[in-house]
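User: Hi! Could you walk me through this one? I have some quick questions.

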Amino acid sequence: MLTPACEYDPWMCRQFLDLLKSGLSYYKTFLHSDWTTPEQVDYRSSEFTLTDLGESEESLRDRMDWMPGLGFDCDWWDTSEVCAREPHLSPTAVRGAIRIRNEAVVNPIALWEEMGRAMAARGGKTYSEGLVGVEEQGERVSLVTGGGVQVVADRVVLAAGAWTADVARLAGLEVPLCPAKGQMVLLRGTPHAIGSVVFMPTGGCGSIVERRPGSYVVGTSEEYLVPDEHNTAGVVGTVLSRLCGVVPDAAHWRIEGMWAGFRPMTSDELPVLGVADDRRFLVATGHHRNGILLAPLTGRLIADAVNGDVPFDGLDLSPFRYGRPLRPHARFAAKY
Amino acid sequence: MTHLATFPIEDAAPLPAADGDVLLRWTSFYLRDCEKWLVRRHPLAPPADLLARARRRHAQPHDDTSLSGALASLTRRRARIRARGTGDGAHSALVDRLSHDLALYSASLSAGELHKVRVVPAGSAIVPLFLPGPDELFLPPYLMSDIPENLFPADSLFPEPPKATTSWLLFQSLVLVADRPRIPTLASFYDIRESD
């Protein structure tokens, strides 16, 4: 999901809002080039329905006090409008919704595969045995893989997601991250049951995305104390129960798969972007729930940093700098 | 009482039996909230007998009409308590650690009008509980005697867990209120952001 509107909160710094918006905008540039097409990665513009769920204690309506002022193209829908525009949603579960326009979705797996092919076509190499050592080689850096391969480089970008902290430690760098686990379920159901991405913001950032006609990806959780990749009854049960409450027809959808992943989260929920203390290393991590939204822009910003150029779009990256003071993590309660 | 670049934490004697029974009544009445609190913080788990006692109490016929009154009486009694250290090594160590960790959130706590907290060992609690007014944090023994340096478990996927603080003991404690459909955490009750 590529949704600055659903991911920004007013307590966050304005530079993060700028980053999110620039990330969404940059996707069009990123995909309309010679290595892929939007269709290859299931990219499309989409509206988002940010549902005001009855199970939440607080209404989302207050968000309309500030969302339009921040430039988000959105309207408040009362229950009757939700019923008219999204007829498969049940008004028994939804008190209303904020309809957000001009955002987008992409298939992250397809994107990853296309990027891998493009990189290989340009002579890039992938080493899949992991990184086991970082050594000095004069002024350059020598990376040693688990397969014993040595790669020597002038600059190294650390972008290992939830594992960036472990990788950074090999280089003598400190990147405080917490892996925030999220579980997802893939279902097969009636095509076009929803006309937008339905966001269910209760606890974790739950959502229903129709990736292709009749193929729905539903999630999710934010779990901080569970460093394993298994799906669990509590999370999956809650997510599916919520889905069936919001879209009653989903009770008949077929479960086709489940998986879990880990988001890299800093304690201030902002990414770490830029040059480290050892200037041979650049860090690009901590994107939390916005890894897919910000991946293309992050690549561009890191390239700008390597080349000594001004950051793309004139973005102020100071709140995201490496080495900024970060409190230790204190978030333990799983949300789902 | 600790001071100097720390958050004021008072050290108190364990909860007397009569007050402990009010906590047990509240816990058994709001058992669903307490069980959900535990599930969401797996692998934290109270001793089996502690949880069993709360469940047995819940299963008994109970009069919930006077719970508000019992909480009000508890609040009045606890407001008269003068802090006294227990001399217990584990308790003192936790108080010192909590005082240090909460200092990182002084601005948030002050904005939420929390200026000091008294830590009270409470054998009848199964989760951390907070009593507004006296501003007491009731901690069950299993969370006092063995606070790990780091709650995040290590495994082959993430062999080096991130650094953590004990501040969650306060921020995520359940607030001793009654007559509500859901029990808030302290952070939610005082509208305090836990993160930066």
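User: Where is Pro43(B) placed?

Analyst: Pro43(B) is in the loop between α2 and α3 of chain B. Keep in mind that this is a predicted model.

User: OK, and what kind of peptide bond joins His42(B) and Pro43(B)?

Analyst: That bond is cis, with omega about 20°. Most peptide bonds are trans. Chain A has a cis bond too, from Gly219(A) to Thr220(A), where omega is near -5°. Thr220(A) sits in the loop between β11 (215-219) and α6 (233-246) of chain A.

User: Back to α3 of chain B. How many residues does it have?

Analyst: Helix α3 of chain B, residues 48-59, has 12 residues. From first C-alpha to last it reaches 16 Å, close to the 16 Å expected at 1.5 Å a residue.

User: Which of its residues are buried, and where do they fall around the axis?

Analyst: Leu50(B), Leu51(B) and Ala54(B) are buried in α3(B). Seen down the axis, the buried residues of α3(B) fall within an arc of 95°, so they line one face of the helix. They pack against α1 (17-29), α2 (31-39) and α7 (141-144) of chain B.

User: And what does the face turned away from the buried side carry?

Analyst: That face of α3(B) carries the exposed residues Ala48(B), Asp49(B), Arg56(B) and Ala59(B).

User: Switching to cores. How many residues are in the largest nonpolar one?

Analyst: The largest nonpolar core has 68 residues. Among those with the most contacts inside it are Trp26(B), Ile126(B) and Phe138(B). There is also a second, separate core of 51 residues, which includes Met64(A), Leu70(A), Ala104(A) and Leu111(A).

User: What is Phe138(B) in contact with, leaving aside its neighbours within four places in sequence?

Analyst: Its contacts include Leu15(B), Leu23(B), Arg78(B), Val120(B) and Leu176(B).

User: Now aromatics! How many pairs over all chains?

Analyst: The count comes to 17 aromatic pairs over all chains. One of them joins Tyr26(A) and Phe312(A): it is edge-to-face, 5.0 Å centre to centre with 65° between the planes. Tyr26(A) lies in helix α2 (residues 14-31) of chain A and Phe312(A) in the segment after α7 (291-307) of chain A, so this pair ties together parts 286 residues apart in sequence.

User: Are those two buried or exposed?

Analyst: Tyr26(A) counts as buried at 10% relative accessibility, while Phe312(A) is partly exposed at 21%.

User: What about Tyr27(A) and Phe30(A)?

Analyst: Their ring centres are 6.4 Å apart and their planes are at 80°, so that pair is edge-to-face as well. Both lie in helix α2 of chain A, 3 residues apart, which is about one turn of the helix. Tyr27(A) and Phe30(A) are both buried. One aromatic cluster takes in Tyr26(A), Tyr27(A), Phe30(A), Trp35(A), Tyr43(A) and Phe312(A).

User: Which charged residue lies over the face of Tyr336(A)?

Analyst: That is Arg40(B), at 3.7 Å from the ring centre. In chain A, the charged end of Lys21(A) sits over the ring of Phe72(A), 5.1 Å from its centre.

User: Last topic: which residues other than glycine have a positive phi?

Analyst: Asp42(A) has a phi near 55°, and Asp191(B) has one of about 55°. Asp42(A) is in the loop between α2 and β1 of chain A, whereas Asp191(B) lies in the segment after α9 (186-189) of chain B. Asp42(A) is buried, with a relative accessible area of 15%, but Asp191(B) is exposed at 71%.

Technical notes:
Residues are numbered from 1 along each chain as its sequence is written. Chains are lettered from A and ligands numbered from 1 in the order in which they are written. This is a predicted model: local features need pLDDT of at least 70, side-chain atom pairs count only at pLDDT 80 or more; totals for chains, interfaces and linings use all residues. Side-chain values use heavy atoms; hydrogens and water are left out. A nonpolar core is a set of buried Ala, Val, Leu, Ile, Met, Phe, Trp, Tyr and Cys residues joined through side-chain atoms within 4.5 Å. Buried means under 20% relative accessible area, exposed over 50%, partly exposed in between (1.4 Å probe, protein chains only). Contact means heavy atoms within 4.5 Å. Rings of Phe, Tyr and Trp (its six-membered ring) pair if their centres lie within 6.5 Å; planes under 30 degrees apart count as stacked, over 60 as edge-to-face and the rest as tilted. Helices (H or I, at least four residues) and strands (E, at least two) are DSSP runs, numbered from the N terminus. A charge sits over a ring if NZ of Lys or CZ of Arg is within 6 Å of the ring centre and within 35 degrees of the ring normal. The expected span of a helix is 1.5 Å times one less than its number of residues. The arc is that of the directions from the helix axis to the C-beta atoms.
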